[in-house]
Amino acid sequence: MNKVIGLFAGSLRKESFSRKIAKAVAAMAPAGFEFKIISLGDLPLYNQDFDDENQVPESYTIFRNEVKVIDGAIFITPEYNRSVPAVLKNALDVGSRPYGKSVWDGKPGAVFSNSPGSISGFGANHHLRQSLVFLNVPVMQQPEVYLTKVDELFDEQRNIQKEEIREFLQKAVDAFIVWFNKNSSQ
Ligand code: FNR
């Protein structure tokens, strides 16, 4: 059976570069793997009252069930104010509760950050890693993935037009698969 890697893009914007990168990465899965884009847009802001089983939003249940069955995760994040966009942090929080029932626990992950700017989402990348430590998501250390000038990355058909960046991303994905195979418990 294929291993399933969830792809989480930290932006809801229609023309989001992060979502376009997620789509490009989705096509890079090797044999034996399926890369599945998991949507974050339907999740209301996490509220601890929703831990009450009579108050759980249906979208939380759907999301938690989707994350439960993936084997690993690649987070593709832009940077908002030098940190993780709220939509992605919210999804981490939703998946982490109720207490003791986190759906993230032990799933190997990777962080790919991006920006039109030259710092390439470094702040978001490392803030995200901080949360992933607490969630017990072991994160690939190398290669680090910081994509710059993403506003110049895509052609009008939303394909990556810089071959060297496509190759770099494919190498990062390949490295993640090798690392995943060493770190996955199942
Ligand atoms: C940004 N942007 C941004 N870029 C950056 O490199 N560092 C930052 O701290 C921020 N902060 C920030 C805050 C907010 C609220 C917005 C809306 C934007 C610019 C950001 O990188 C750019 O809008 C990207 O295009 C957002 O990613 P998506 O939506 O294209 O995936």
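Predicted model: local features only at pLDDT ≥ 70, side-chain atom pairs only at ≥ 80, totals over all residues.
Figure 1

**Figure 2. The whole fold, for orientation.** The protein has five helices and five strands, and starting at the N terminus they come in the order β-α-β-α-β-α-β-α-β-α. The radius of gyration is 16 Å, close to the 16 Å that the globule rule gives for 186 residues, so the protein is as compact as a globular protein of that length. Its C-alpha trace spans about 50 × 35 × 30 Å along the principal axes. Of the 186 residues, 34% count as buried. If you look at contacts with a separation of 6 or more, 76% of them come from residues 24 or more positions apart.

**Figure 3. Strand 3, covered on both faces.** How many of the six residues of strand 3 are buried? Six of the six are, so this strand, residues 72-77, is mostly covered. In a regular strand the side chains alternate between the two faces of the sheet. You can follow that here: Gly72, Ile74 and Ile76 point one way, while Ala73, Phe75 and Thr77 point the other way, and all are buried. Strand 3 has partners too. It pairs with strand 1 (residues 3-9) in the parallel sense over five bridges, and Gly6 has Ala73 as its bridge partner in strand 3. Five bridges also join strand 3 to strand 4, and these two run parallel as well.

Figure 4. Find Ile76 and look across to its bridge partner in strand 4, Phe112. Thr77, in turn, stands opposite Ser113 of strand 4. Is strand 4 enclosed or open? Six of its six residues are buried, so the rest of the structure largely encloses it. Gly109, Val111 and Ser113 point one way from the strand, and Ala110, Phe112 and Asn114 point the other way, all of them buried.

Figure 5. Helix 1 covers residues 17-26 and is mostly covered, with eight of its 10 residues buried.

Figure 6. A cis peptide bond joins Arg97 and Pro98, with omega about 0°. Pro98 sits in the loop between helix 3 (86-96) and strand 4 (109-114). Why does Pro98 count as partly exposed? Because it has 13 C-beta neighbours inside 10 Å, and a residue needs 20 or more to be buried and 12 or fewer to be exposed. From Pro98 to Ile37 is 61 residues in sequence and 24 Å in space, C-alpha to C-alpha. The other cis bond shown here joins Gln142 and Pro143, also with omega about 0°, and Pro143 lies in the loop between helix 4 (122-134) and strand 5.

**Figure 7. Positive phi in residues that are not glycine.** Asn136 is in the loop between helix 4 and strand 5, and its phi is positive, near 60°, though it is a residue other than glycine. Asn136 counts as exposed because it has 12 C-beta neighbours inside 10 Å. Lys149, which is not a glycine either, has a positive phi of about 50°. You'll find Lys149 in the loop between strand 5 and helix 5, and with 15 other C-beta atoms within 10 Å it is partly exposed.

Key: Residues numbered from 1 in each chain as written. Helix = DSSP H or I, 4+ residues; strand = E, 2+ residues; numbered from the N terminus. Rg over C-alpha atoms; globule rule 2.2 N^0.38 Å. Contact = placed C-beta atoms within 7 Å. Pairing = 2+ DSSP bridges.
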